Amino acid sequence: MNQPLDVLKAHWKHDAFRPTQEEIINTVLAGKDTFALLPTGGGKSICFQIPALIKPGICLVISPLVALMKDQVENLKNKNIKAIALTGGISFEETNNLLDNCSFGGYKFLYVSPQRLQQDWVLERIKNLNVNLVAIDEAHCISQWGHDFRPAYLKIAALKEYFHVPFIALTATATPRVQTDICTLLQLENPI
């Protein structure tokens, strides 16, 4: 198995992690549910991308922002890492083809909005993927005490029924009350 630092050097061309990144990555690799509170620009994405690259399977990334999803997918592709995003406005046929690619094409990252998970047929297809990690970006959106509450986020905890893999919740903004809310509503098990 690749070591986190080797993956960082190979794909990101950095010689060291920023403070707390390595600790978060090792916690995820140990199979633990994780809550990561890092400032904007603090390297949150690497905290789920590196463990997902090390483990066999595909990482399901739930993000509310289309621009953020597209940016991350583009950045991963520029590193020769296979990633796709199911954004709004994609036809049924194209969505079906993208999910086929996830099943058979060696993709490492599937980015979806919380709303996409509310589509039963999409969820059925995702349930059949070899998911190695579930990453919830902008996790403050699940909290009624957060500044950007989105009801669709409340359904994410149901994924625990299908995927017995680590869940990592990431955000740059969360008061202690919001942090507790995130961990509770996502049903994170003894989160680190």
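Angles under 35 degrees count as roughly parallel, over 145 as roughly antiparallel, 65 to 115 as roughly perpendicular, and the rest as oblique. The model shown is predicted: local features need pLDDT of at least 70, side-chain atom pairs count only at pLDDT 80 or more, and totals for chains, interfaces and linings use all residues. Residues are numbered from 1 along each chain as its sequence is written, and side-chain values use heavy atoms, leaving out hydrogens and water.

**View A. Helices α5 and α6 pack against each other.** Helix α5 spans residues 92-104 and helix α6 residues 120-127 (helices are DSSP runs of H or I, at least four residues, numbered from the N terminus). The angle between the two is about 15 degrees, and their axes are 10 Å apart (axes are lines fitted to C-alpha atoms over the stretch in contact, with angles from 0 to 180 degrees between N-to-C directions). α5 and α6 are therefore roughly parallel to each other. From α5, the residues F92, T95, N96, L99, D100 and S103 meet W121, V122, R125 and I126 of α6 (contact means heavy atoms within 4.5 Å). The contact of α5 with α6 holds five nonpolar, three polar and two charged residues (nonpolar: Ala, Val, Leu, Ile, Met, Phe, Trp, Tyr, Cys and Pro; charged: Asp, Glu, Lys and Arg; polar: the others, Gly among them).

**View B. Helix α1 crosses helix α3.** The two axes come within 10 Å and cross at roughly 105 degrees. This angle makes α1 roughly perpendicular to α3. P4, V7, L8, H11 and W12 in α1 meet I46, Q49, I50, L53 and I54 in α3. Eight residues of this contact are nonpolar, two are polar and no charged residue takes part.

**View C. Helix α2 crosses helix α3.** The axis of α2 (residues 21-29) comes within 9 Å of that of α3, with a crossing at roughly 40 degrees. α2 is therefore oblique to α3. On the α2 side the contact is made by Q21, I24, I25, V28 and L29, and on the α3 side by I46, C47, I50, P51 and I54.

**View D. The largest pocket has 27 lining residues.** G41, G43, K44, S45 and Q72 lie nearest the centre of the pocket (a pocket is an open set of points on a 1 Å grid where a 1.4 Å probe fits, with protein on both sides within 12 Å along at least five of seven lines; lining residues have an atom within 4 Å of a point). The elements giving two or more residues to the lining are α1 (4-12), α3 (44-54) and α4 (66-78). α4 supplies the largest share, five residues. By class, the lining has eight nonpolar, 13 polar and six charged residues.
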